[in-house]
Amino acid sequence: MFGFTKRPLFLIAWKNLKTYPVRIFLTTSSIILGVAVIIASNIFSESNKSAFDNLFSGIYEGIDLVVQPVQEDFAQGFSGDGGQGPISFEVKKIPDEKIKEIQDLPGVRAAWGEVIGFAQFIKIVDGETVLLSNGFAPTFGTAWDSSEYAKQWTLLEGRAPLNKKEVVMDTVTAENFEFDIDDKVTVLAGATPATFTIVGIADSAFAAGGATFALFEFRTAQQLLDSTGEVNLINVVVEDNFDVTDVKNEITDIDSENLNVINAQEAAAEQADSIKQGLDFFNTILNVFAGIAIFVGAFIIQNTFRILLLQRTKELSLLRALGTSKRQIYRLVISESLFMSIIGSGLGIGLGIGLAVAVKEGLQYFELGLPDGPLVLTSEAAITGLIIGITVTILSSLLPARKASQVSPMEAIRDSVSTPRRKSLFTRLVIGIAVSSIGFIMLFGVLYDFLDLPTLSGLQQVGFGAGIVFVGISIITPSITKPFVFLFDRIYILIFGILGKLATENSKRTPRRTASTASALMIGLTLISLANVITTSFKAQAESLIGEVILADYQVGAANVFASPGIPTGLANELMELDEVTKLSRTRATVVGYNERPLILGAVDETVFDLVKTDDIAGTRKDFLKQNALGILKQTAEREELQIGDEVLLTIPEEGQLTFTVSYIFDWTTQPPAEFFVLLENSSFFSEESLDTELYFNVNEKSDVLEEKINSIVAEYPGVEIRDEEGLVEEANNQIQLLLNVIYGFLSISIFVALFGITNTLSLSVYERTREIGLMRAIGTYRKQIRRMIFIESSIISIFGAALGTGLGIFFAWSLIQTLADDGFTVFAVSISQTFMWIGISIIAGVIAAILPAIRASRQNILEAISYE
Amino acid sequence: MSKIIEANNLTKIYGEKETSVTALDDINIEFRENEFTAIMGPSGSGKSTLLHCLAGLDRPSSGKIFLKGNDIATLNDKELTKIRRDSFGFIFQAFNLIPTLTAEENITLPASIAGRQPDLEWVKEVVETVDIADRLTHRPNELSGGQQQRVAAARAMATKPEVIFADEPSGNLDSKSSRELLTFMKSVVEELNQTIVMVTHDPYAASFAGRVVMLKDGRIASDLEKPTQEEIVAEVTALTNA
Ligand SMILES: Nc1ncnc2c1ncn2[C@@H]1O[C@H](COP(=O)(O)OP(=O)(O)O)[C@@H](O)[C@H]1O
Ligand SMILES: [Mg+2]
């Protein structure tokens with residue numbers, strides 16, 4: 001079948017593998033996992049890429065040109081570029097008349113307007129308002145397609161909306177929140193919620209990302225979405241016999257200053273591309289994790305090979321005695337590893353496909369809607385996985401193969417499986433210390449400013465230094481196994497008695513093996529504790545920052561800034577009427593013109609300076625109280641080159657031009673709500689109907705009763721959310737923790753891989769001690785006690801690896817944070833509970849890894865062990 | 001003298017039907033308190049098998065084994081392990097000691113795994129009798145073969161067992177060490193009132209025992225009380241030629 005029959009060694013290799021399937025599994029487990037992660041991440045990103053391609057071509061299906069209004073740079077915040085700083089609420093639109101104008105151009109078959117704004121479905125459950133959304137995805141309102149050429153939305157059920165009281169809902173939302181045709185639903189668009197009847201359920205590529213959509217009759221949409229007489233964009237279909245570019249130019253000519261025409265198909269490709277880049281980045285991260293798993297895997301393969309070959313010393317030496325050359329033995333081992341690597345990589349690819357399916361199902365289950373589509377496995381990915389798997393396995397088997405080929409023919413006759421004495425660990429210690437010293441010097445050189453390597457940034461130097469320290473420590477580990485275990489000796493003997501003694505002695509007996517097994521675990525734990533400390537520090541930093549800058553007990557804002565433009569002023573009044581509320585500040589904002597550009601002008605109560613941390617740069621808050629006084633942000637003052645006393649002319653909507661005097665320049669330490677500020681009292685041009693953007697307030701004493709009272713008041717205002725300091729901290733923490741959990745998830749793969757290493761090492765340890773364990777059983781040791789002994793031994797390995805890894809990780813994190821101190825990272829915090837949780841997990845993993853060897857040891861036949869022939 | 005251990009109709013068959021070997025064939029034998037018995041016989045006659053069955057290391061195919069009147073052939077592994085630990089002592093031909101433990105730790109090992117404090121007075125007496133007091137802190141690889149076997153003997157006695165089982169204890173020793181060990185074993189029976197069952201193929205070793213049981217093909221061929229070495233040699237020769 002293999003055509004190798006003329007080559008007996010290949011046959012032996014193949015037979016060996018067929019006889020010991022478990023062996024293949026143990027050896028290649030790490031390769032299987034590593035390859036699986038590579039394949040899965042690749043499938044995942046490839047499939048999403050093709051799904052995004054479909055999505056964008058779906059969005060622009062049947063459309064040739066899209067006419068957009070030219071936006072002021074400053075309003076970019078809204079269109080998704082998401083720059084820092086306050087966002088303008090004024091988005092340019094296109095007047096309705098332009099649709100007609102475009103329609104009348106030669107070569108235009110159809111042109112229709114699209115209206116898009118923010119609308120939020122609301123459900124009242126037990127008197128409480130619930131905002132309906134799919135995860136973090138936005139909530140949109142739009143007009144039902146007004147042209148027969150529009151293909152963006154497909155009705156699944158019911159009909160199109162025909163009047164002011166009707167709405168069509170996207171199918172995902174309808175399904176998730178159990179809505180049906182003829183149900184009533186409340187929609188918040190603008191400030192006041194209104195109730196509609198659902199007349200249709202529709203689907204679109206737009207909804208693939210999980211956004212919710214409320215589709216209204218065209219005029220109704222314009223009204224609700226603050227676009228009366230206007231549209232956000234115009235879709236154009238070009239006649240077949242006309243050139244798209246010609247028509248494009250024609251449309252641009254209508255009003256090149258205000259209209260921007262883009263080719264829809266090009267846009268589809270561009271937008272898909274930019275998302276693909278994001279996916280590629282994600283894929284790279286996944287591949288890094290796969291790389292870690294494979295790196296750990298290489299350690300383990302090497303170890304396992306050595307172990308397996310040691311167990312077969314007799315067989316190999318018999319082959320030698322029968323006249324097989326060293327070279328042939330070497331080839332025998334390599335061909336075994338080749339078979340194993342092929343099988344392992346193959347299994348890895350299979351597992352990877354399974355993993356991708358599982359991840360996809362999982363994401364769908366949690367409604368983190370990614371676009372639908374089939375899973376794609378590219379042949380490049382499969383081949384890459386195969387090559388990596390095979391190469392790593394074969395490279396890892398080279399050294400053990402060499403060792404095996406050196407077995408003497410005499411070994412077969414001797415009765416011993418004991419390992420020959422190896423070189424002393426002293427040389428290793430010296431090399432390890434030398435290497436890690438270099439790393440330490442690089443690292444501390446940056447921290448204590450005595451060494452600055454050219455071409456490396458401080459952070460890079462610390463990073464490389466840490467890497468070198470890690471390698472150095474890995475070299476040292478076998479030499480410090482004994483001292484480390486010695487530390488544990490007493491404790492273990494105290495707790496476990498003679499079994500503890502036996503277990504610790506065993507770990508000391510083969511320090512190299514103990515160390516290399518522990519190293520695999522060390523890698524994972526280093527990364528885990530690094531991630532743990534960094535994120536814990538960030539959390540602590542965020543906490544102290546939030547505590548510093550938010551002085552108010554409570555903050556009120558829009559739950560979803562996109563869905564609601566603001567807070568009805570009634571809320572502030574109601575809150576102020578409460579006796580418990582001691583201080584409250586309102587913030588309003590409007591877009592004004594300054595130097596022919598739009599800018600956000602905020603109106604605040606004086607109390608805001610007590611409730612939000614601001615720093616005086618020039619002038620004082622007293623100066624700000626005067627009529628026509630203007631407060632400005634530090635960065636705005638710098639950009640506009642404004643100083644105290646300067647006159648500023650602002651164009652205010654529905655008011656005309658007003659002159660102000662710069663009287664206060666300050667730093668708003670959180671996200672500022674505006675760039676220019678006036679006192680609300682002095683600003684008659686903020687009419688009573690205008691909305692508050694933010695409220696801050698203090699209470700005399702926090703209590704659950706009061707909180708309930710406040711919450712019930714706030715609950716009357718849909719789309720408004722109240723947070724206290726804890727809430728803000730919690731929000732920040734949740735986001736960091738979510739990220740950390742993802743990292744943990746990936747890193748636990750490396751722990752999983754390390755687990756196999758422990759199993760292998762213990763199996764060998766048990767095998768080598770066949771006689772010893774038999775003797776112990778003969779003189780009256782219970783099976784249970786033998787098992788316990790193996791478990792204890794395993795715990796030593798895992799504690800060793802976990803302790804080293806945790807220590808290194810914390811140290812690396814500390815160095816990193818020290819390096820970043822100049823960038824404002826000042827807090828170094830270690831989560832003790834998570835640290836111990838991971839050490840605990842490692843120990844448990846170690847014990848799990850010991851189950852098989854322990855059972856094998858306890859079942860060992862006593863007579864075989866003690867018989868002597 | 002009262003019986004300590006007794007085998008009734010003890011049969012041990014290895015393997016399946018066609019290829020089966022009857023190692024012990026319906027053996028009835030008893031061992032009395034404070035007796036030093038040697039079990040002899042040609043190679044393959046079933047000596048080790050008998051010892052293993054008596055000592056609870058192997059299970060008979062049929063028959064009963066009574067330890068002070070209690071049948072131990074039907075006990076489960078845990079109960080049997082406990083009996084080996086508390087009631088029996090063992091000296092094997094080789095690999096008697098745990099290499100990572102010192103001589104002293106090896107001697108007290110059965111007590112340690114039982115979670116008991118060893119009887120230090122007694123251990124001291126035993127250690128002095130076997131003359132290894134100055135070697136207690138050494139590991140097995142730092143001891144000579146004879147010393148290792150004496151440590152094993154001390155371990156076998158440390159828990160004051162009902163019976164000590166020894167399988168070719170002097171098989172790997174030179175004649176001087178061998179004599180020392182056997183002399184010690186004999187004195188243990190005579191002075192410390194222990195009971196020993198020893199398997200050996202060496203007539204010289206057997207001559208230290210007070211009773212010699214000869215096995216052949218899994219059956220008892222003869223049972224001699226206080227034989228001299230010459231009588232033993234004669235019996236062995238007779239058996240081998242028969
Ligand atoms: N585990 C075993 N499997 C099969 N046959 C065995 C086994 N152990 C011993 N025997 C057979 O049982 C017989 C008695 O063996 P043993 O008790 O070791 O003899 P002795 O110790 O007197 O040399 C021999 O024929 C031997 O081959
Ligand atoms: Mg024998």
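Which side chains meet in a salt bridge with a distance of 3.3 Å, N to O, in chain B?

1. The side chains in question are those of Glu225(B) and Arg32(B). A salt bridge is a side-chain nitrogen of Lys or Arg within 4 Å of a carboxyl oxygen of Asp or Glu. Glu225(B) sits in strand 10 (residues 219-225) of chain B and Arg32(B) in strand 2 (residues 21-32), so the pair links parts of the chain 193 residues apart. Here helices (H or I, at least four residues) and strands (E, at least two) are DSSP runs, numbered from the N terminus. Glu225(B) is partly exposed, with a relative accessible area of 49%. Buried means under 20% relative accessible area, exposed means over 50%, and partly exposed lies in between (1.4 Å probe, protein chains only).

2. This is a predicted model, in which local features need pLDDT of at least 70 and side-chain atom pairs count only at pLDDT 80 or more, while totals for chains, interfaces and linings use all residues. Residues are numbered from 1 along each chain as its sequence is written, chains are lettered from A and ligands numbered from 1 in the order in which they are written, and side-chain values use heavy atoms, with hydrogens and water left out.

3. Over all chains, the count comes to 41 salt bridges. One of them joins Arg588(A) to Asp692(A), with the closest N and O atoms 2.7 Å apart. Arg588(A) lies in strand 17 (residues 581-594) and Asp692(A) in the loop between strand 23 (676-679) and strand 24 (694-699) of chain A, so the pair ties together parts that are 104 residues apart in sequence. Both Arg588(A) and Asp692(A) are buried.

4. Glu721(A) and Arg723(A) also form a salt bridge, at 3.9 Å from N to O. Glu721(A) is partly exposed at 31% relative accessible area, whereas Arg723(A) is buried at 17%.

5. A network of salt bridges links residues of both chain A and chain B: Asp489(A), Lys501(A), Glu505(A), Lys508(A), Glu105(B) and Arg139(B).

6. The structure holds 29 aromatic pairs over all chains. Rings of Phe, Tyr and Trp (its six-membered ring) pair if their centres lie within 6.5 Å; planes under 30 degrees apart count as stacked, over 60 as edge-to-face and the rest as tilted. Tyr594(A) and Phe676(A) have ring centres 5.3 Å apart and planes at 75°, so this pair is edge-to-face. The two residues lie in strand 17 and strand 23 of chain A, 82 residues apart. Tyr594(A) is buried at 7% relative accessibility, and Phe676(A) is buried at 0%.

7. For Phe624(A) and Tyr664(A), the ring centres are 6.3 Å apart and the planes at 55°, so the pair is tilted. Both residues are buried. Elsewhere, ring pairs join Phe440(A), Phe444(A), Tyr448(A), Phe811(A), Phe812(A) and Trp814(A) into a cluster.

8. Most residues other than glycine have a negative phi. Asp131(B), not a glycine, has a positive phi of about 60°. Asp131(B) lies in the loop between helix 5 (120-130) and helix 6 (145-158) of chain B, and is exposed at 54% relative accessibility. Lys160(B) also has a positive phi, near 50°. Lys160(B) is found in the loop between helix 6 and strand 7 (163-167) of chain B and is partly exposed at 45%.
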